[in-house]
Amino acid sequence: MKILVPSNVPFDLTIDVEGVEVAPYVMRDPVPDEHTDAEAIVTWASSGTVLRDAAARLTALRWVQTLNAGPDLALAAGFGPDVTIASGRGLHDATVAEHTVALLLASVRRLDRSLDAQRRHEWDRALGREQVREQEMFSLQGRHVVVWGFGSIAARLTPLLTALGARVTGVATSDGERYGHPVVAQERLSEVLPGADVLISLLPATPGTRHALDAQLLALLPPHARFVNVGRGATVDETALVEALRSGALAGAALDVTESEPLPEDSPLWDVPNLILTPHVAGGRPQGAAGFVTAQVRRWLADGPDGLHNVVAR
Ligand SMILES: NC(=O)C1=CN([C@@H]2O[C@H](COP(=O)(O)OP(=O)(O)OC[C@H]3O[C@@H](n4cnc5c(N)ncnc54)[C@H](O)[C@@H]3O)[C@@H](O)[C@H]2O)C=CC1
Ligand SMILES: O=C(O)C(=O)CO
């Protein structure tokens with residue numbers, strides 16, 4: 001079996017399995033002609049162009065292993081029906097969960113205002129006084145946090161939130177349990193949101209989640225609430241979000257992801273005062289990628305597509 005593995009990633013991706021030829025390629029460049037007979041390819045944060053090139057030229061391809069938790073780019077690349085796509089679900093749980101907590105605390109403690117004041121060399125005690133106003137700053141102790149798109153990352157995030165004293169309601173595609181946590185179906189979101197202090201979205205980008213958070217749902221959140229998005233930007237109607245933040249219908253938001261990335265220079269999101277932005281950095285590098293891919297290769301050799309974990313398309 002021949003598997004294409006990127007040679008220019010800043011983490012260990014050594015795959016050493018008997019009977020497997022590892023063919024290196026440079027991520028962001030087209031796959032070299034001598035390796036277009038590969039049966040499998042490992043990708044990480046690859047651009048759509050490279051993935052589409054692979055989809056068009058790798059005629060023997062049967063398996064795409066992305067190291068991203070979100071499979072959206074690989075799914076959109078147009079791989080044929082004989083190609084199994086598996087995601088890197090689980091490889092980013094710790095970093096994304098911690099970044100989510102960082103964004104949430106930054107928003108509820110109005111860290112953005114303190115940092116602005118620091119840059120101006122101002123000791124802004126008004127912030128301390130505003131702490132007593134519910135709208136501005138609050139503690140997570142006893143608060144209700146709704147986590148929408150409850151999966152692997154949410155399972156890692158939940159104990160961090162409960163350690164801060166928050167109560168977590170998970171929302172998924174159907175009622176039941178995910179990773180040992182009870183979850184409610186997305187149809188019940190409108191019942192849950194009026195009692196939420198925080199809404200965190202970890203929704204993947206799928207045709208069904210486009211602009212899932214719209215003006216109607218935003219209007220259900222109480223005015224002191226915060227919204228944090230670490231899933232995908234396309235799941236939010238950004239025009240409605242900006243309107244809710246500017247009108248005071250929503251006290252604050254923190255986003256690691258936006259519908260267009262990089263965020264266009266003329267986007268209104270840059271200048272909304274109660275909005276914190278980080279440039280899609282929650283995930284960073286996958287943790288334990290070499291061990292994960294090696295295990296996936298062994299599963300593939302033993303059972304083919306049926307053996308793979310994290311299959312998102314087949
Ligand atoms: N900002 C960043 O750097 C990163 C962002 N991500 C994003 O986080 C997402 C989640 O990652 P994981 O937890 O690993 O994925 P996961 O697949 O374990 O969990 C996603 C959950 O969302 C649920 N879901 C899908 N559509 C839904 C809907 N309409 N309503 C309610 N629930 C719905 C799924 O059933 C699943 O339980 C990824 O798809 C990716 O877009 C992931 C890693 C890094
Ligand atoms: O893994 C993902 O899906 C990410 O967004 C990381 O960049």
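**Entry 1: A163**

I began with A163, which is exposed at a relative accessible area of 68%. For that label I used over 50% as exposed, under 20% as buried and partly exposed in between, with a 1.4 Å probe and protein chains only. A163 sits in helix α6. I also took the separation of the C-alpha atoms of A163 and Q141, which is 9.0 Å for two residues 22 apart along the chain.

**Entry 2: ground rules**

I noted that this is a predicted model, in which local features need pLDDT of at least 70 and side-chain atom pairs count only at pLDDT 80 or more, while totals for chains, interfaces and linings use all residues. Residues are numbered from 1 along each chain as its sequence is written, chains are lettered from A and ligands numbered from 1 in the order in which they are written, and side-chain values use heavy atoms, with hydrogens and water left out.

**Entry 3: the chain as a whole**

I looked up the secondary structure and found 10 helices and 14 strands in the protein chain. These are DSSP runs numbered from the N terminus, helices being H or I of at least four residues and strands E of at least two. The C-alpha atoms fill a box of roughly 65 × 45 × 30 Å along the principal axes.

Of the 314 residues, 52% are buried. The chain exposes about 14600 Å², and carbon and sulfur atoms supply 52% of that area. Accessible areas come from the Shrake-Rupley method with a 1.4 Å probe, and for residues only the protein chains shown count as cover. I then turned to contacts (heavy atoms within 4.5 Å). Among those between residues at least 6 apart in sequence, 60% join residues at least 24 apart.

**Entry 4: N274**

Where is N274 placed? I found N274 in the loop between β12 (252–255) and β13 (275–277). N274 is buried, with a relative accessible area of 14%. Leaving out residues up to four places away in sequence, N274 touches R110, D112, L245, L250, A251, G252 and A253.

**Entry 5: ligand 1**

I listed the residues around ligand 1 (a heavy atom within 4 Å). There are 27, of which F150, S152, Q186, D256 and G283 come nearest. By class they divide into 14 nonpolar, 10 polar and 3 charged.

I checked polar contacts next (N or O pairs within 3.5 Å). A backbone N or O atom of F150 is 2.7 Å from an oxygen atom of ligand 1. A backbone N or O atom of V230 is 3.1 Å from a nitrogen atom of ligand 1, and a polar side-chain atom of R232 is 3.2 Å from an oxygen atom of ligand 1. Alone, ligand 1 exposes 870 Å², and the protein buries 89% of that. The elements giving two or more residues to the shell are α6 (152–163) and β7 (167–172).

**Entry 6: ligand 2**

Which residues are around ligand 2? I found N68, A69, G70, H92, R232 and H280. An N or O atom in the side chain of R232 is 2.7 Å from an oxygen atom of ligand 2. A backbone N or O atom of A69 also lies 2.7 Å from an oxygen atom of ligand 2, and for a polar side-chain atom of N68 the distance to a ligand 2 oxygen atom is 3.2 Å. Taken alone, ligand 2 exposes 230 Å², of which the protein buries 84%.

Technical notes. A polar contact is a pair of N or O atoms within 3.5 Å; within protein, one must be able to donate a hydrogen and the other to accept it, and residues adjacent in sequence count only if both atoms are side-chain atoms. Ala, Val, Leu, Ile, Met, Phe, Trp, Tyr, Cys and Pro count as nonpolar, Asp, Glu, Lys and Arg as charged, and the others, Gly among them, as polar.
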